[in-house]
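Biologist: I'd like to learn how to read a model like this one. Could you walk me through it, one feature at a time?

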Amino acid sequence: MTIEYQSQKVALPYMQLSLVLFILQVVLGLWLAANYAFTLPQGLVDMLSFATTRAIHTNLLVAWMLLGFMGGAYFILPAECERELHSTKIAWLQLILFAAAAVAAVVGFLFGWTQGKPLLEIPVPLDLVIVVAALLFLYNILMTVLRAEKRSVLQWMLVGGVLFLALMYLFGIPFYSSLNADYYYWWWVIHLWVEGAWELITAAIIAFIILRVTGVERKVVEKWLYVETGLFLFTGIVGTGHHYYWIGAPDYWLWWGGIFSALEPLPILLMVVDTWLHIRERKNPIVNRLIWIYIVGLALYHFVGAGVWGFIHTLPPINYYTHGSQITVSHGHMAFFGAYALLNLTVFYFAMPQFKGIEKYDAKAGHWGFWTMGVSMFFLCLVFGVAGILQVYLERFLDIGYMTAHMSMMFWFKTAIVLGLVFLAGAITTVYHLFTLRPAMQTA
Amino acid sequence: MTLRNARIIFWAGTLVSVAIFAWLTWDFHRQEEAYAHTSKIDDRVVAGKKVWHKYNCNNCHTILGFGGYYAPDMTKAYYRLGESNIISIVMQPQEIYRDSFRKMPNLGVTEAEAADLVQFLHWTANIENRKWPPQDEKYVQAARLRDEQPEKVRKTDIVLGACGGCHSFANQGRDIAGDFGELARDLDYDRETLVRFMLDPRSVNSDSSMPAQNITPETAGIIADFILSLR
């Protein structure tokens, strides 16, 4: 299988850069775990604090996710619109701006140049560069879609998701004098991204891949797409309220936030069901088993990480004790890996063989990578979960102080380092495999 | 189901949720004063919030439960630690946490910045957020009792209110600098020296890493009596 349109090639550097940042993110994660597991000397802490490392770890996450989405969109849209991209020059310019802003941000963090808001640390001047890059991207994909002969639900869902994503980013830029309003709008970026805009993009991308890989009827896929995204937005938008329980906001948030967020796993469950149905009713033969494994793995991990792990502590009476503890860390890792890391890797496994015109690739390393990452991340999240339950029990039930609770965690974070190293090995295997895809030996 | 019905589900679901959320957002702002006392945000609170951002505090510490989970939550830190403890921790963490298993970086915070930070944390600690975090509520209650009904305050409340940021007693307070029960056993100061030590530790013991305490000599006397009574 080869690419159908030449302009799809512009997606490749996006995907390659994305994969490099993924590895860097994991390496920094290991360093963060070491901060928990051992007592580091004061001199080292003064030079490279946990705060700086965490800012880089999370920003790399956002950067590789967004690069993956943008690369994915550039790959999918020509095929979906049956025409070349509006401009590959704009796509290159946008990539350079985005990458430059990301590099400047990371170097800036090391020297203390930060906006100081978790996950949104990028200072305002760099925010503006990112806004310009985002506008170029929006212009490029809109022009591609508008000038297309063919109209599809999928195109608009993808464009809508990207527009929603870009719009929400703006709420994180201003300085709010009230901390309480600050965090009210902080969640418009973070929550409405991961439980809104990103879900739209995921649903659209995965619908496209399922269409192409399984060969099921477009009408069926698009119907599911509408219902799922409708449910995502219905539950996800008001579901933002599950972050407003303890910020100093009216009581009704406990009800609105609790009930709507309890419904949030539903659309993900629907995704699992429709993926399973489409695979069962496939019209195409299974050529590369790995991509099918990724599609199913994504659906299941998405449901467990985002759906189940999120549901566990979303109800106010539980959240009162678990809020802001390592339990959130467990959920965060499981959900981001399950929903978005696997989504990007699925897209890369769909697209990258096509750049090389490979029909069936040698997938041994890829299988190893998938299972190593998937299993080690699951256990890593269990370890974070144990640390979290210990913390909540010691600090908030027995009331014996933060220090004692955190000292008891040191053992679990040593375990986390071991699992993190296994995960890193899986991630490197996967990235290496994607970079060096080779046709499979012909065996009659 | 037809594609048309699916589209209707999409738009109905989305628009209903947007409408509810927009209405709740409007109401959140309407009631902001009652929950967050926004009218009490003055220039110093704003300056303190900028200090909070400048030093990236929020990537180690949570506040309102959000941020890094590496260091204690700061929502009610004003009541848990008190003004003078916050200032000394922020300005000389390498001293305060010299023997701790967990270090805080020395960020070079100036005295003026530390003072503004206290104002910000004071405002934050008064946000009506349904008594979260649970483990700090006792400090909030103790502080309110000290302010409102000083005659009802027990001696341990005074001691832990002033010293609980670094010392513990009967499983209350933070054990960074030792538990009062153990300290009292090894202590050979008389009452007058102990009072002098609290007000200016280095005048008594030049190796001490304890910061000078911003308390009246009367309070220092009450605390000294308390500690000596444990011997």
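Biologist: How many salt bridges does a search of the whole structure find over all chains?

Modeller: First, the ground rules. This is a predicted model, where local features need pLDDT of at least 70, side-chain atom pairs count only at pLDDT 80 or more, and totals for chains, interfaces and linings use all residues. Residues are numbered from 1 along each chain as its sequence is written, chains are lettered from A and ligands numbered from 1 in the order in which they are written, and side-chain values use heavy atoms, with hydrogens and water left out. Now the general idea: side chains of opposite charge can pair when their charged atoms come close. The rule here wants a side-chain nitrogen of Lys or Arg within 4 Å of a carboxyl oxygen of Asp or Glu. On that rule, the search over all chains gives 17 salt bridges.

Biologist: Which helix holds A:Arg218 and A:Glu222, and how far apart are they in it?

Modeller: Helices here are DSSP runs (H or I, at least four residues), strands are E runs of at least two, and both are numbered from the N terminus. A:Arg218 and A:Glu222 sit four residues apart in helix α8 (residues 218-239) of chain A, so about one helical turn separates them. Their side chains form a salt bridge at 3.0 Å, N to O.

Biologist: Is A:Glu222 buried or exposed?

Modeller: The scale is relative accessible area: buried is under 20%, exposed is over 50%, and partly exposed is in between (1.4 Å probe, protein chains only). A:Glu222 is buried because its value is 6%, while A:Arg218, at 26%, counts as partly exposed. Chain B has a pair to look at too: B:Asp27 bridges to B:Arg30, with the closest N and O atoms 2.7 Å apart. Both lie in helix α1 of chain B, three residues apart, about one turn of the helix. B:Asp27 is buried, at 6%.

Biologist: What is the area buried between chain B and chain A?

Modeller: The size of an interface is often given as the accessible area lost when the parts come together. In this case buried area is what two parts lose on being put together, summed over both, with a 1.4 Å probe. For chain B and chain A that comes to about 6700 Å², with carbon and sulfur atoms giving 67%. B:Tyr69, B:Phe101 and B:Arg130 supply 13% of the area that chain B buries against chain A, more than any other three residues. Counting by contact (heavy atoms within 4.5 Å), 69 residues of chain B and 78 residues of chain A take part.

Biologist: How many salt bridges does the rule find across the interface of chain B and chain A?

Modeller: Three. One to open in your viewer joins A:Asp251 and B:Arg130 at 2.3 Å, N to O. It runs from the loop between α8 and α9 (252-263) of chain A to the loop between α7 and α8 of chain B. A:Asp251 is partly exposed at 45%, and B:Arg130 is partly exposed at 23%.

Biologist: What does the side chain of A:His323 reach in chain B?

Modeller: Polar contacts need a pair of N or O atoms within 3.5 Å; within protein, one must be able to donate a hydrogen and the other to accept it, and residues adjacent in sequence count only if both atoms are side-chain atoms. The side chain of A:His323 comes to 2.8 Å from the backbone oxygen of B:Leu64. A:His323 lies in the loop between α12 (316-322) and α13 (326-355) of chain A, and at 9% it is buried. Leaving aside neighbours within four places in sequence, its contacts include A:Trp246, B:Phe66 and B:Trp132.

Biologist: Which peptide bond is cis, with omega near 0°?

Modeller: That is the one from B:Trp132 to B:Pro133. B:Pro133 is in the loop between α7 and α8 (137-148) of chain B.

Biologist: Where is B:His37 found in chain B?

Modeller: In the loop between α2 and α3. Check its backbone: phi of B:His37 is near 50°, a positive value in a residue other than glycine. B:His37 is also buried, at 19%.
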